[in-house]
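Subject: Structure handover

Hello,

Here is the structure for your files. Please look it over before reading the notes below.

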Amino acid sequence: MNKTSFLKAITISIQTLQGKFLGALCSIVIFAGACSDPSEIGLVLDPGSNQIGVFYEEIPLSSFLVLEDSFNTTNQSRLVVGGDHSDLFGTTESIGYSRLSFNPNGVLPEDNAIFDSAIFAFNIVDLIGEDFDEAKEFKVHRLLEAIEDTTYYSFSSLDFNMEETLAEGSFLLTPDTVNQVSMDLNEDFAAELFGKLTSQDPVFDNIFAFREYFPGIVIKGNPDQNTSVSMAIGSGTGITMYYHYEDDTVSTAYPINTIQSRHFNQVISDRQGTPTEVITETNVVYNVAGDKVGVKAGLGMMTQLDMSPLHEFLDTLENVTFNQILLEVGPVDEYPEGKNPYGALVMYFADGGEYYRRFDGVKVAVQGENNSQTGLDQDGNIVPITSNQNGLAFNTETRVYSNQITSYVDAMYRSGLVKTDLFLYPNTPSTESGVVTFDAFKRSLKEFVVDKDQIKMKIYYSKIR
């Protein structure tokens, strides 16, 4: 990897500019909280009686793109369906695959049950798109091979009946809310399924027999409509059969849905003609042409920051105290309403296009402010702590991701924390008091794009004159 390391140093004595500087600092809202007392970052100085100067360094960071290897999309509790197009990432399509299940202890309709209707419903919990005055298309197909008890990745796929649909429809969707939509089940398939239910067919003896008969479903959208959805796995996504008996006044429902069903998402990426078409290998750092980088969920495309300018700067310092250090990414490019980026970016340690892993194999991320960044292993070696992740918070008004990383940098300077590059990974930071068990990067096609020269560190520090 050819990295361009550069350092723009702006050194300012701030004894005469404290008012303006503090006002700017306290306007920044971060995960750890806004600054309310200047003494909290050591900036209450008396210019006439002390020999301490406060200085500022701004360090631009070079940025690169990396395609994550073995991007596991199995059992993420979401079926990502649809697609979009962007100048940087090209055309991306996601297809959802899932088994179906039923309650083997439930009561099957008897042979004199009268069929009413059958629907396939979607529980759409996240919507990413535009032109919401246009109906969005979805189709459900029948799998022709089983989903095995194995791991499926974003490049995985299974055979399905492309020529026939079990259900299809177009819907007007509403952003920023849950959309529960349904469509009629194919008449022939509904009749076949209801006949097996009422005849007590052996396919309903247990879930394994059912999967032999019906391996599962495939859900597709229309990527030309520049819209993708995340459907929640569970009772709200799947088939419901309605029936009654001769004297009934209301229908009875029999659900066959995706609750506790193995599932995965296939992501198809056509980057031809874009700056990212050169990215053909995983875990390789690419310096793409043009002035843009970004992050694309679902696809597993991450931005990697070259942190060597910071490391080189730290090597020049002696006897300093860090007052506040900010990492800022943005403003990101403007985006249509309904295509908001993720609200937070976790900063994972990166090593040559791959995750830096601790001695026990755990991925390491920048830890939260005022949390320990390092500890000792059984042999007394300094190792990174991993239990309280920090994250860059997105400001929707300024379109900037930012947060304090003072404790992280201080640990490199004083405590021997390993020096690495950083991945920007969209997810909610996981902490001891708020453990995050989901992976947002694998549950949608969200993205953001930013100019390469809009990624920087802002360092405020004090030293004895």
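How many cavities of 30 Å³ or more does the structure hold? There are 3 cavities of 30 Å³ or more. A cavity here is a set of points, on a 1 Å grid over the protein atoms alone, where a 1.4 Å probe fits but cannot get out. Grid points are joined across faces, edges and corners, and a volume is the space filled by probe spheres set on the points.

This is a predicted model, in which local features need pLDDT of at least 70 and side-chain atom pairs count only at pLDDT 80 or more, while totals for chains, interfaces and linings use all residues. Residues are numbered from 1 along each chain as its sequence is written, and side-chain values use heavy atoms, with hydrogens and water left out.

The chain as a whole: DSSP runs give 5 helices and 25 strands (helices are H or I, at least four residues; strands are E, at least two; both are numbered from the N terminus). Of the 465 residues, 55% are buried (under 20% relative accessible area with a 1.4 Å probe, protein chains only; exposed is over 50%, partly exposed in between).

A pocket is an open set of points with protein on both sides within 12 Å along at least five of seven lines. The largest pocket holds about 420 Å³ of space. Of its 22 lining residues, Ser-86, Asp-87, Asp-333, Glu-447 and Val-449 lie nearest its centre. Strands β3 (78–86) and β24 (447–451) each give two or more residues to this lining.

Cores: a nonpolar core is a set of buried Ala, Val, Leu, Ile, Met, Phe, Trp, Tyr and Cys residues joined through side-chain atoms within 4.5 Å. The largest has 66 residues, and Leu-310, Phe-322 and Tyr-401 are among those with the most contacts inside it. Strand β17 (residues 344–351) supplies the largest share of this core, 6 residues. Another core, of 41 residues, lies apart from it and includes Phe-120 and Tyr-254.

Asp-176 counts as exposed because its relative accessibility is 74%.

Regards

Conventions: On a 1 Å grid over the protein atoms alone, a cavity is a set of points where a 1.4 Å probe fits but cannot get out, and a pocket is an open set with protein on both sides within 12 Å along at least five of seven lines; lining residues have an atom within 4 Å of a point.
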